[in-house]
Amino acid sequence: MTANSNVLIKVENLVMHFPIYRGVIRRQVGAVHAVDGVSFDIRQGETLGLVGESGCGKSTTGRTILQLYKPTDGNVYFKDTNLVKLRQEPMRLMRREMQMIFQDPYASLNPRMTVRDIVGEPLLAFGEASGKEIDDRVKELLHMVQLNPDYSGRYPHEFSGGQRQRIGLARALALNPSFIVCDEPISALDVSIQAQVVNLLEALQEKLNLTYLFIAHDLSMVRHISNRVAVMYLGIIVELADRNDLFAHPMHPYTQALLSAIPVADPVYNEKRRRVILEGDVPSPVNPPSGCRFRTRCPIADAFCAEKTPEWREVRPGHFAACHKI
């Protein structure tokens with residue numbers, strides 16, 4: 001995708017299929033094509049936004065990059081190290097550099113553990129600290145995410161959703177990682193809290209030189225925090241470009257439909273702008289359409305779109321898309 005030597009994460013033709021078994025002898029009868037040949041890179045210090053409809057494979061992509069799911073095919077390079085080829089112990093040690101903030105702050109924290117134990121667990125697991133050192137580091141991390149350090153003895157149920165997400169962020173920062181997958185970290189939060197969490201992520205990125213993969217549905221929030229944006233549909237990326245370029249000049253019909261659905265608080269503008277209304281439902285990832293994945297809902301598709309898969313190409317400098325009509 002780029003010859004930039006500043007690339008931290010490079011994903012090459014990443015595939016993640018989940019087998020479907022049936023019968024007494026558990027015979028495989030198919031597979032869910034969750035991620036089906038995804039390629040992109042993430043540069044050091046940037047935020048790559050990943051957007052798309054529910055079920056398109058965004059979260060699976062993030063988890064597969066971190067090897068929480070072992071990919072069916074493809075490669076993931078982190079600082080020139082192929083994570084797919086690493087054995088269990090080298091991969092465990094590599095997790096110091098890569099962490100994840102999960103979507104649901106109510107399910108991602110152990111209710112039986114105190115904040116001190118939750119945030120300090122990575123330090124203990126990797127032998128980074130013990131005893132009083134963990135206490136001091138946990139308080140430092142809580143202060144970093146704008147929580148009262150005296151809360152370290154409390155349990156998760158004593159906190160609000162926004163506070164729990166900050167605890168999850170503190171846990172992710174415990175080992176000083178360079179790359180964090182933010183898996184819809186604000187979708188479960190109140191609108192008033194979302195901006196606070198995003199501002200905190202931006203401040204920490206600048207302070208600690210972090211690199212984010214930011215997965216979200218909220219396109220306006222993605223535009224605010226991301227440097228570049230990738231648009232995903234049914235297991236593949238259909239467009240990738242600089243944030244401003246993508247929002248000003250969307251090339252792929254699916255991206256145009258997504259952006260046209262963004263509410264704008266201007267009735268005059270809303271009357272003039274062209275809405276792209278998609279018909280039908282998203283096809284099943286068990287049996288995706290031939291040719292272009294989007295052709296069954298695309299307003300400009302023709303017979304050729306069913307015959308050949310669109311080529312992923314650079315339609316203009318830094319702007320990539322996969323569509324026969326571009």
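This is a predicted model: local features need pLDDT of at least 70, side-chain atom pairs count only at pLDDT 80 or more; totals for chains, interfaces and linings use all residues.

Student: What is the order of the strands in the open sheet of 4 strands?

Tutor: Helices (H or I, at least four residues) and strands (E, at least two) are DSSP runs numbered from the N terminus, and two strands pair if DSSP finds at least two bridges between them. Here the order is β2-β1-β4-β5, and the pairing is antiparallel. Because β2 (27-43) and β5 (81-82) each have a single partner strand, they stand at the edges, and one side of each is left without a neighbour in the sheet.

Student: Which helix packs on that sheet?

Tutor: Contact means heavy atoms within 4.5 Å; axes are lines fitted to C-alpha atoms, for helices over the stretch in contact, and angles run from 0 to 180 degrees between N-to-C directions. Helix α1 (residues 58-65) packs on the sheet and touches β1 (7-22), β2 and β4, its direction making about 115° with that of β1.

Student: How many strands does the open sheet with mixed pairing have?

Tutor: That sheet has 8 strands, in the order β6-β7-β8-β3-β9-β10-β12-β11. Its edge strands are β6 and β11, each of which pairs on one side only, and neighbouring strands are turned by 20° against each other on average, direction ignored. On this sheet packs α5, which touches β6 and β7 (179-183) and whose direction makes about 175° with that of β6. Helix α9 (residues 253-260), by contrast, lies across β9 (228-233) and β10 (236-242), running at about 105° to β9.

Student: Which strands form a hairpin with 2 residues between them?

Tutor: The hairpin is formed by β11 and β12, and G318 in its turn has a positive phi of about 80°. Strand β11 (residues 313-316) and strand β12 (residues 319-321) run antiparallel and are joined by 3 bridges; in β12, H319 is the bridge partner of R316, and F320 stands opposite E314.

Student: Is Q67 buried or exposed?

Tutor: Buried means under 20% relative accessible area, exposed means over 50%, and partly exposed lies in between (1.4 Å probe, protein chains only). With a relative accessible area of 8%, Q67 is buried. Q67 is found in the loop between α1 and β4 and, leaving aside its neighbours within four places in sequence, is in contact with V76, L83, V84, M91 and R95.

Student: Where is H217 found?

Tutor: H217 is found in the loop between β8 (211-215) and α7 (219-225), and at 38% relative accessibility it counts as partly exposed. Not counting residues up to four places away in sequence, H217 touches G52, E53, S54, K58 and E184. The C-alpha atoms of H217 and V51 are separated by 5.8 Å, although these residues are 166 residues apart along the chain.

Student: Which residues of α3 are buried?

Tutor: In α3, the buried residues are V115, I118, V119, G120, P122 and L123, and what covers them includes α4 (132-144) and α5. After α3 comes G127, whose phi is positive, near 65°.

Student: What is the volume of the largest pocket?

Tutor: Rolling a probe the size of a water molecule over the atoms shows where empty space is left. On a 1 Å grid over the protein atoms alone, a cavity is a set of points where a 1.4 Å probe fits but cannot get out, whereas a pocket is an open set with protein on both sides within 12 Å along at least five of seven lines; lining residues have an atom within 4 Å of a point. Grid points are joined across faces, edges and corners, and a volume is the space filled by probe spheres set on the points. The largest pocket has a volume of about 390 Å³. Its lining has 16 residues, of which R95, Q99, M100, P122 and R171 are the closest to its centre, and the elements that give two or more residues to the lining are β6 (98-101), α3 (115-125) and α5 (161-173).

Student: Which residues line the largest cavity?

Tutor: The lining includes H252, P253, C292, F294 and R295, and the volume of this largest cavity is about 50 Å³.

Methods. Residues are numbered from 1 along each chain as its sequence is written. Side-chain values use heavy atoms; hydrogens and water are left out.
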